[in-house]
Amino acid sequence: MTVSNGDPLKIFVPFVNEKMATELFSENKFLLDSDIHLIDNRGRSAGLPTLYNEIIEKHLNEDMWLFFVHEDFEVQGELFDTENLAHEAVYGTFGIRLDGHAPVAFGQHKCSEKDGSSVLQVGLPVTSPTWVETLDCVAIFIHTRLLRDRPRLRFDEDLTFDLYAEDFCINAQENFGVPVMVLPLKFQHYSKGYVTERYWNGIKHLGEKYPNVGVPGSCSFIGGKSQELETHYTYDLPANRKKRRDREAKKSRDYFKALRLFRKRP
């Protein structure tokens with residue numbers, strides 16, 4: 001196992017809200033000595049996997065840690081120590097693994113609306129690197145040496161904002177035997193998250209990409225075997241409840257439409 005020996009750490013923050021990114025990163029008292037790179041994505045509107053892969057290629061021949069985070073992520077304590085941290089792992093700050101049939105979240109943090117209201121405490125606390133099956137996209141932390149030795153371990157650019165971290169984790173573990181770990185960090189995520197059609201399109205894509213995989217994610221099961229897992233557990237998220245209601249409403253509309261057509265037949 002190769003461990004870090006004082007390798008530098010760079011933080012990359014693509015943003016569309018400059019005020020939020022500046023306040024949460026450039027002006028964050030816990031990051032004053034950190035090497036922060038704010039990336040203005042307002043004009044280009046590139047998918048985050050595309051931006052992250054470009055950063056990887058730019059720094060691939062240097063030994064360093066790359067910390068990819070969302071603009072609405074606020075570090076609220078001392079940043080984790082990379083000394084003696086193994087290169088051969090994928091790290092994040094919030095992740096999921098199955099306990100029996102139920103997903104369990106690790107990486108306790110605050111989750112709120114964009115304005116900081118309606119704060120919830122999410123996830124179990126960790127005090128050391130803790131194995132999970134997938135990481136949430138809010139933060140992913142990797143060493144260039146891991147990437148340099150594995151040119152097929154990259155972010156999937158068919159995804160744009162959702163599920164690229166989960167895909168990266170599945171790829172790392174299934175195809176390279178690389179573990180996925182949550183690191184202890186005090187933070188707040190200013191986004192309770194709303195599951196969009198884009199998310200479900202990503203779920204379909206990953207089901208086709210990994211037909212023999214079924215793993216838990218933050219908002220749903222992922223992979224071709226998701227339906228098997230769903231027979232034992234249903235994610236009870238507000239966004240998912242809305243999706244179920246919409247799906248049930250559509251079924252009802254389709255049923256009554258078919259009924260009317262049937263009755264009109266001569």
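Let me start with strand 3 and strand 12, residues 139-143, which pair in the antiparallel sense over five bridges, and within that pairing Val69 stands opposite Ala139 of strand 12. Please keep in mind throughout that this is a predicted model.

If you want a place to look on the structure, find Leu9, whose bridge partner in strand 3 is Trp65.

Now, which way do the side chains of strand 3 point? Trp65, Phe67 and Val69 point one way, while Leu66 and Phe68 point the other way, and all of them are buried.

Let me move to another sheet, an open one, in which three strands lie in the order 7-6-11 with antiparallel pairing. The edges are taken by strand 7, at 102-106, and strand 11, at 134-135, and each of these has a single partner strand, so one side of each is left without a neighbour in the sheet.

Turning to the cysteines, how many disulfides does the count come to? The count comes to zero. Cys169 is in no disulfide, and the nearest cysteine sulfur, that of Cys137, is 8.6 Å away; Cys169 also counts as buried, because its relative accessibility is 0%. For Cys219, the closest cysteine sulfur is likewise in Cys137, at 9.5 Å, which is too far for a bond, and with a relative accessibility of 23% Cys219 counts as partly exposed.

Let me finish with the protein as a whole, where the secondary structure comes to seven helices and 16 strands. Of its 266 residues, 48% count as buried, and the protein exposes about 13800 Å², of which carbon and sulfur atoms supply 50%. Finally, if we take the contacts between residues at least 6 apart in sequence, 73% of them join residues at least 24 apart.

Key. Residues are numbered from 1 along each chain as its sequence is written. This is a predicted model: local features need pLDDT of at least 70, side-chain atom pairs count only at pLDDT 80 or more; totals for chains, interfaces and linings use all residues. Side-chain values use heavy atoms; hydrogens and water are left out. Buried means under 20% relative accessible area, exposed over 50%, partly exposed in between (1.4 Å probe, protein chains only). Helices (H or I, at least four residues) and strands (E, at least two) are DSSP runs, numbered from the N terminus. Two strands pair if DSSP finds at least two bridges between them. Contact means heavy atoms within 4.5 Å. Accessible areas come from the Shrake-Rupley method with a 1.4 Å probe; for residues, only the protein chains shown count as cover. A disulfide is a pair of cysteine sulfur atoms within 2.5 Å.
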